[in-house]
Structures are given as structure tokens and as C-alpha cells.
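Subject: Structure handover

Hello,

Please find the structure below. My notes come after it.

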Amino acid sequence: MFNDAISKQLKQDDVMRWLGFCFIALAVLFFYLPSLLFPPRADQVIYLSETATIQKPLDLIFGSYDHNRHRTIAPGDELLFRPLLYVLLGTEQVILGHHFWAWQLFGILAHLTLVWMLLRLLWHVCDPWLAFAGAWVFALSVFNYELVTWTHLSGYILMMACIVGVIEQAVLCIEDSDVAWRRLGRLLMYSFVACFFYETANVFVLMITGLLIFSFPQRARRLLVLTVPVFLYGLCSYLNYVCAGHTNTHPSAAVAHGTSAGQYVWAVLYTACWWFYEGLFNGMYHYVLGIRTMFRADEVMVFKTLVFNDLQVLMALIMLVCFLGLAWISRRQFIKKMGLLTALGGMLFSYAAVIVIGRFHDSRDLFNTVRINTYYSYIFWVIIVIAAFLLVSRGQVKTSWQRWLIIVFVAASVVSGLSQGVTVYGMADHYGKAAHASVSLVEGMDYLVQTKSTDLQFSFYVDPSVRGNYSYGLSDGIRKLTDPPDKQYSFIELLYPQYFRPRQSAEFKFPTENSS
């Protein structure tokens, strides 16, 4: 009887969790709907350009796994090794081609995959209503907009979904007071995928491994197997680097500019505080067509009104006060979670430090470095949300204070999520309309290529003045090392390098010679 009651309760719990996720998923799909009209941008255009001439699908999927180490357009990331990211991009290019709405949909589905993993973890560690509220706000938060809609980096989201899986398994191990082989297998699976998607995952895996070894010293030998993905990643990266013919060790931007230790620490703290502020209160954003979405602190865009901005600040403050109250009530549980919280804190600091080492040039450039790379805050806030909700213990609500704090927190979270969802919709709709001409132009050029590409002499020229064929500015750095310093690529020139020719030698010219 007792076991039947527990089984029934668990099934009800699963149903409620799935219903909560479906509600969140429908909201995410609705608010991100306009982003399906986005064309490729920034690094994705470069990737499509440099792989456009690869004809065999397997070469595209498995032969370009180290693409960033062979880039000829805007090179500079030779030290990075992200094989699964480029396997994913190659697979998308083979299956989806220039159907960029499908690329955008995949990015949204990757985001929902992480949201599901996050909801499952939060549901386990805290009250279900709080878990739903946390996943709801995270799923619709404005600070996620850039990484969700920049589909070139969807692999980052999948990496972080795997890291959430690693954290979940670690929590279960600590609760069970043992590391069962089945949990170790899941830890290894998540770790392998994460490490080969994105290099920072190796640091995260090592920190969780250290936590488990500290928690279970008697299982230290067994747990050392979790370092295998990190070791194999480092070995594969090094061997590939040497085989690719790279002999120079490129210093990071910070090292190259002689950054002091004090400047390092200041930059890391500044970066983390900026991400926290933007995620909590939402700053202003603007976009550069074909590049990326950036923080903008000096003006409000027409689609982001002060009503929603003020509302988000109010809701954030209410949520913060309620959350601190719930954490205070659960303060006696802190000591049990101190090891996990310490590991998550180390992950936050190390992540900010890795970004700073790779991006930070000098103190004068710090604000701009953070401003133009808004997608970095996504990973930061996944860790923040997990760490924060660990502070609120799961269990039966025993006091009226807890009930009221949870009710107010959930209500504020729902309003906050909706207001941010409206902002996300406005941003996506604004950019989608601005980029509509580019999408239409690509559709027209694809039709031309399909009907004429069998002609060996087929070529075309599209003038930058044609609507939708924007040019990249000199400051964007999108050029080859052999290009003259004043070279500016157009969108169509990058997307169809195998067919694009100068006006004087092209078979088809747009606009035509006799057009006005």
C-alpha cells in the first residue's frame, strides 16, 4: 500500500512537470516565432561561405570538425577545438541547406532542451511551483535572446544542457550517499558530449568531479574515470593542432596586451556583475544587421518601452525579496549543500575568467567587450539559477510565511516572464522585418542557382546597392589575410562564393545594365 502511494505520487509529479514544461514550451515558441524569419549572420555567414564548395555530405559533417583552425575569413580562433559543434553545423547544412527558418527552429528547440533539463533539476531540489517559476523566467528572459536566435552557436546551449545533466547526477549521488555505476555512466555520457562541444565544459566537469571526490573519498578511484573526457579532449585538440601545422602558441588577448593580475580580477568581477545586472533588470539592446545583438545603455529602442522596463525592475525586486525570505527560512539546509554551492561558485568564476582571458584587451575596452558579446550571459545565468534554487530546500510547506512567499514569487515570475517575452517578441519582430529583404534575396538567388548551376559558366554579380545585400563594414574584420585593407564583402558574395564574380565577368548581373 505504501509503495503504491509513493508510485502514484511520483506519476502525478511527472505529469505536473510535463504539463509545466509544455506550458513553457508553448510560450517560448510563440514569443520567438518572429525569429524564424532571421537570415544567417556573423560567424554563421563565414561558416556557410567557407564550406559552400564542399560537395560530399560526409566531408561537410566529419571533415570540417576543426573548421575554426582553417578559417581564411576573419581567422584567429586556432587554439579553440569544438569538434561536435562543427559536426552539428555540418549536419544542419546538409539537412537544412538555406532553409534558415529551420536553423532558427533548431536553436529554439535546443533552448527548450536545456529548459527541460533545468526544470527537471529544479523540480528535484525545490518546491515544484518554485521550479516552474524559475524555469519560466529563464526560458523567456531577454538575456537569452542572442544565443537562442544566433543558431551558429546552438551547440553552446546543448553543451550547457549536458552540464545541467552532470549537475543533476551529482546531486543524486550526494543524496544517495554513493556513486552507483549507472550514475557514473550517465555522468560520463553527459561529460563526453559537453567537453567536445565547447572547451569551457572541461573546466565545469573537473569541478564537479572534484566535488564528488571530496564528497566520496572512498570512491576516488572510480570517480577519476570522469577525467577521461577531459584528457581525451586535450589529447585530441593537441594532436589535431600539431597535425594542422600550427607551430606558434598564440597568447590570449589579455596576455598579448600585458594585462596585470589586478586588471584580470577587476575584469572578471566587472563581467560577472554586468551579466548579473543585465539578467536581473534587463538593459537596452540594439542590433547591427548581419552581425549580432548588443547591449545598449544609452537609449531605448522603439519596441522596448519604459513600461516593460520599469515593470521588469519591479518584478525582479519583488522576486528577489521573496527569494531571500525563502532562503532565510531554509538556512539550516545550507551546510548540507555547501560543497555543491562552492563548486557552482567556482564554475561561475572560472567561466567569467575564461571569457576575460580570451576577450579582454585592456581596461578601456572592457565595457565594449562585454557589450558586443551578449550571448555569454546565457551560460552564466544557467549556473546562477541552479545555485540560487539550491538555497531553497524542498519539502512540505510548513508555515504561512512560506506559502505567501511562494505565491508572491510565482506570481511575480509569471508577470516578469510575460513582460520579457513581449520584449523578446518585439526584438525578434523588429529584426525580422529589417532582415526580410535579405531572406527574400537569398530565396531568389537559390532559385537561380537551382535552375542554372548545371551550366559550367554560370556566375552572377549582385551589387551591394541591391536591397538586402548589405555590406560588412571595415571595422567588422570580415576579410581574408590576403585581401586589401579596404576590402568589404557583401552578404551574397559570402553566401555564394562559388558563383559570385566581379561585375565585368559575371554572366548574370543584378541590377541589370539597363535598370534604373
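Predicted model: local features only at pLDDT ≥ 70, side-chain atom pairs only at ≥ 80, totals over all residues.

Residues are numbered from 1 along each chain as its sequence is written, and side-chain values use heavy atoms, with hydrogens and water left out.

The chain has 21 helices and 4 strands (DSSP runs numbered from the N terminus: H or I of at least four residues for helices, E of at least two for strands). Of its 516 residues, 53% are buried, meaning under 20% relative accessible area with a 1.4 Å probe, protein chains only. Of the contacts (heavy atoms within 4.5 Å) between residues at least 6 apart in sequence, 79% join residues at least 24 apart.

Helix α5 (residues 100-125) packs against helix α8 (residues 154-176) at about 15 degrees, with the axes 9 Å apart; axes are lines fitted to C-alpha atoms over the stretch in contact, and angles run from 0 to 180 degrees between N-to-C directions. That angle makes α5 roughly parallel to α8, a label for angles under 35 degrees. Among the residues that meet are Phe106, Leu114 and Leu121 in α5 and Ile157, Val164 and Val171 in α8.

Serine 438 lies in helix α20 (residues 436-452). Serine 438 is buried, with a relative accessible area of 1%. Leaving aside residues up to four places away in sequence, Serine 438 touches Pro39, Gly468, Tyr470 and Phe491.

Regards

Technical notes
Buried < 20%, exposed > 50% of the residue type's maximum accessible area, 1.4 Å probe, protein only. Parallel < 35°, antiparallel > 145°, perpendicular 65-115°, else oblique.
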